[in-house]
Amino acid sequence: MLGGAGILLGVAAAPAQAAEVSYKTECIPPSISGLPPVEGTTKVEVTAPAEAKVGDEVTITWKFVQAASKNPDVLDLDKDTVKPTGTLKAAGAQTADIAMEGPRSNPAIPKNSDMKLSDMTGKLKLTAAGDLTLTPDAYNINVSKPLSTDTKCTPKETVKPAATIKVTGSGGDTGGTTGGLPTVTPTLPTGLPTLPTGSATPSPSAGESDGSDTGGSTTGGDGGGQSDFTGKEVSVPYACKTPIGDKNATSPVQINAKKDGGSFDLTVQFKKSVMDSPADIPADSVKPSMEVVLGGSDKGTVHVEGPTNAKAIKSGDPIEIPDLTGTYKPGASGSSTLSPGVLTVKALGTTTTCTPTKSEVSLTLDTTEQASGAAGGGSAASGSGGTASGGGLAETGSDSHGALKALGLVAGTVVLLGGAVFTFLPGRRAGG
């Protein structure tokens, strides 16, 4: 029996070997992030058979021993959202680029903690006898949420071989093949994690709109039989809070009204508020709304909202804020003013809330009190200001013409040297 066991051991495959190598690495963030390249050190352990024969197909494992950086103190990464792929160079007895791939399998990675990348594996069919060296090369890190992004990492120095396979067999086989798994082409899935969202509620401390700033606005109402009222285009400065700091933006806004009995159908238009999409956005993904602030004789707010985008938006294409509509039911008789208030944009699972920093009246109407009208309502506010509870807010900014450059579209999650950075990209307004 012992002799038989010895024979079996004699023909068994050679034990696997594992060797570690470290090298300087440069990682290029996704172009939409606007971030510069980052350098760090990657440590890899490669496991492969110590010996094999020509014709064998061997399995090789690439293990990330140490990522070059931690997940910064910005965003928690969800479980099973990080997927590595890469290339292992075979040289010596044969030449081959071995495609390596790891599963999208990682624990939840909190902010300011070590990155955890899954082990990658690949296969290679041996074609020639001799010593075959295995050397780690470039790799890619894909994060699927909140938006699919890829960070490409390449060695910045000559990398030493991490393992060597002694290949035995007949001598006629030469040349190399690229074996194993096919090269992975990253895709752009749309799934996003659920970030906390909040509803915009006006702040009583922002200051009341009154007749002192109504110059140029249109006044209309019960007298004269007029039914359509065009407001003045006003330049509204917004203050937006984001996970990476407070941002300011200015956008021209106009409020129009159409009389319907004792109420008014409102239309809020954003002028020149065009931004470029930082990524492909599916249809029915962007939803804007606003709380129009009442002043003068009336008090409270009127909720207006626009439709979601009917068509998918390609990366680089402009995004326009559609007309926001709602119904104003007056709660007081007299002269009532309407001013742009808190703006909310929900996009791809996130909520952006921007609050005007200065009251600006776009339209003044002569109103007659209606039952259950706006005055004294639960959403009453004494000005155009507001506060937002909760919500992940995307970065906004303004260009030289005062157009709103971004309204909360998440540009992506960027993984740098094994760390993740949650970033936002302002769009650019097309044309002059």
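Visitor: Among contacts in the protein chain between residues at least 6 apart in sequence, what percentage join residues at least 24 apart?

Guide: This is a predicted model, in which local features need pLDDT of at least 70 and side-chain atom pairs count only at pLDDT 80 or more, while totals for chains, interfaces and linings use all residues. Residues are numbered from 1 along each chain as its sequence is written, and side-chain values use heavy atoms, leaving out hydrogens and water. A contact means heavy atoms within 4.5 Å. For contacts between residues at least 6 apart in sequence, the share that joins residues at least 24 apart is 74%.

Visitor: Which strands hold Trp-62 and Tyr-139, the two members of an aromatic pair?

Guide: Rings of Phe, Tyr and Trp (its six-membered ring) pair if their centres lie within 6.5 Å, and planes over 60 degrees apart count as edge-to-face. Trp-62 and Tyr-139 form an edge-to-face pair, 6.1 Å centre to centre with 70 degrees between the planes. Strands are DSSP runs (E, at least two residues), numbered from the N terminus. The two residues are 77 apart and lie in strand β4 (residues 57-66) and strand β10 (residues 130-143), respectively.

Visitor: Is Trp-62 buried or exposed?

Guide: Buried means under 20% relative accessible area and exposed over 50% (1.4 Å probe, protein chains only). Because its relative accessibility is 0%, Trp-62 counts as buried.

Visitor: Which residues do ring pairs link into a cluster?

Guide: Phe-64 and Tyr-139 also form an edge-to-face pair, at 5.2 Å centre to centre and 70 degrees between the planes. Both Phe-64 and Tyr-139 are buried. The cluster linked by ring pairs consists of Trp-62, Phe-64 and Tyr-139.

Methods. Rings of Phe, Tyr and Trp (its six-membered ring) pair if their centres lie within 6.5 Å; planes under 30 degrees apart count as stacked, over 60 as edge-to-face and the rest as tilted. Helices (H or I, at least four residues) and strands (E, at least two) are DSSP runs, numbered from the N terminus.
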